[in-house]
Amino acid sequence: MKFTAQQIAEILEGDIVGDPNMEVSKLSKIEEGTQGSLTFLSNPKYTPYIYSTKASVAIVNKSFIPENEINTTLIKVEDAYAAFSKVLEYYNMVKLNKVGIEQPSYISESAIHGDNIYIGVFSYVGKNVSIGNNVKIFPNAYIGDNVTIGDNSVVFSGAKIYSDTTIGNSCVINSGAIIGADGFGFAPNQDGSYSKIPQIGNVILENHVDVGAGTTIDRATLGSTIIRNGVKLDNQIQIAHNVEIGKHTVIAAQSGVAGSTKIGEYCQIGGQVGIAGHITIGNHVKIQAQSGIARNVKDNEVLQGSPALALSDYNKSYVHFKNLPKIVKNINDLEKNKWE
């Protein structure tokens, strides 16, 4: 795919300095720019590279005034970082714009779908599935019975969507994700063995939810596991049965949320965080990486540690922890001097 500087400038509503017919076919970092690539400059510390980059076109802020000769065609915009993000989004949309049903694939006769869809080779679409408009299902994906997928959603290769799952509009399910597997429900028997508790609920993903590669979201025992609008889940996260995650909360990789916990809106949860079951976490909560949460958390708390403390208390305690050998020595010296 080739685009001219003029075409890009029209998309970004920017001004061109240089050759409007300069063509690009790939994207690059400014320090790694090559002929035919598009790059951007927003961080001042990378300014020296604008004079040496071999990129054909560069997006810069309107406030940028070159101090030396530049051989690259410039597109001047209000915010170069935001503009380049828009280009990335547009580029990805074009790259993924596949249409049609490839063979061999299996689509149940009772499944229905909208317009402009793509179903890749070796995909499986079960009974009574409903697929909206502009949905992309990439090769080797599994869509179980009674699943609903809303408009403009994408299911990447190897993802597994179990039966009765509901996926909203403009969601992204990355490769290896498993949505709707059985929750971890077992009842202990008198002889020490365990009997499985049937998991008959489902998973609901509302609109604009992103699910990372290898992430698992378990179906509810009864009712629904619910991921609200705009939630972003990183790779390799475990969301247990009957969990509810509030809108626009983000969770980083390798975190785990145990069953029936409720997480509020606009929370930010770092990597490798463990959250116990049957607790409630408020809105706008921030949890630092590798923390362990075993209690209810109020709105706006900022936590770190395991078990987690308020971040300010954790930092104060950590200062003493680092000095613990010195503190113990001082105490021992005081004890020794007291008896001399």
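This report describes a predicted model, taking in turn its sheet, a helix, salt bridges and a pocket.

Nine strands form an open sheet, paired in parallel and ordered 10-13-16-19-24-27-30-33-36. Strand 10 (112-113) and strand 36 (280-281) are the edge strands, each of them pairing on one side only. In general, the strands of a sheet pair through backbone hydrogen bonds, and the pairing can be parallel or antiparallel.

Strand 24 (residues 202-205) runs parallel to strand 27 (residues 224-227), and four bridges join the two. Opposite Leu-205 stands Ile-227 of strand 27.

## Helix 1

Helix 1 covers residues 5-12, and Ala-5, Ile-8, Ala-9 and Leu-12 are buried in it. Viewed down the axis of helix 1, the buried residues fall within an arc of 100°, so they line one face of the helix. The general rule is that an α-helix has 3.6 residues a turn, so residues three or four places apart point the same way.

Just after helix 1 comes Glu-13, with a positive phi of about 55°.

## Salt bridges around Lys-62

The model contains nine salt bridges. One of them is formed by the side chains of Glu-78 and Lys-62, at 3.5 Å from N to O. Glu-78 sits in the loop between strand 7 (73-77) and helix 2, while Lys-62 sits in the loop between strand 6 (57-61) and strand 7; the two are 16 residues apart, and the pair links distant parts of the chain.

Glu-78 is exposed, its relative accessible area being 66%. Lys-62 counts as partly exposed, at 36% relative accessibility.

Asp-210 and Lys-232 meet through their side chains in a salt bridge of 3.1 Å, N to O. Asp-210 belongs to strand 25 (residues 210-211) and Lys-232 to strand 28 (residues 232-233), so this pair ties together parts that are 22 residues apart in sequence. Asp-210 is partly exposed at 26% relative accessibility, and Lys-232 is partly exposed at 35%.

A further salt bridge joins the side chains of Glu-244 and Arg-228, with 3.0 Å from N to O. Here Glu-244 lies in strand 30 (residues 244-245) and Arg-228 in the loop between strand 27 and strand 28, so that distant parts of the chain, 16 residues apart, are linked. Glu-244 has a relative accessibility of 24% and counts as partly exposed. Arg-228 is also partly exposed, with a relative accessible area of 26%.

## The largest pocket

The largest pocket has a volume of about 540 Å³. It is lined by 19 residues, of which Asn-92, Met-93, Leu-96, Asn-152 and Val-154 are the closest to its centre. Helix 2 (residues 80-95) gives the most to the lining of this pocket, contributing five residues.

By class, the lining of the largest pocket consists of eight nonpolar, eight polar and three charged residues.

Technical notes: Residues are numbered from 1 along each chain as its sequence is written. This is a predicted model: local features need pLDDT of at least 70, side-chain atom pairs count only at pLDDT 80 or more; totals for chains, interfaces and linings use all residues. Side-chain values use heavy atoms; hydrogens and water are left out. On a 1 Å grid over the protein atoms alone, a cavity is a set of points where a 1.4 Å probe fits but cannot get out, and a pocket is an open set with protein on both sides within 12 Å along at least five of seven lines; lining residues have an atom within 4 Å of a point. Grid points are joined across faces, edges and corners, and a volume is the space filled by probe spheres set on the points. Ala, Val, Leu, Ile, Met, Phe, Trp, Tyr, Cys and Pro count as nonpolar, Asp, Glu, Lys and Arg as charged, and the others, Gly among them, as polar. Two strands pair if DSSP finds at least two bridges between them. A salt bridge is a side-chain nitrogen of Lys or Arg within 4 Å of a carboxyl oxygen of Asp or Glu. Buried means under 20% relative accessible area, exposed over 50%, partly exposed in between (1.4 Å probe, protein chains only). The arc is that of the directions from the helix axis to the C-beta atoms.
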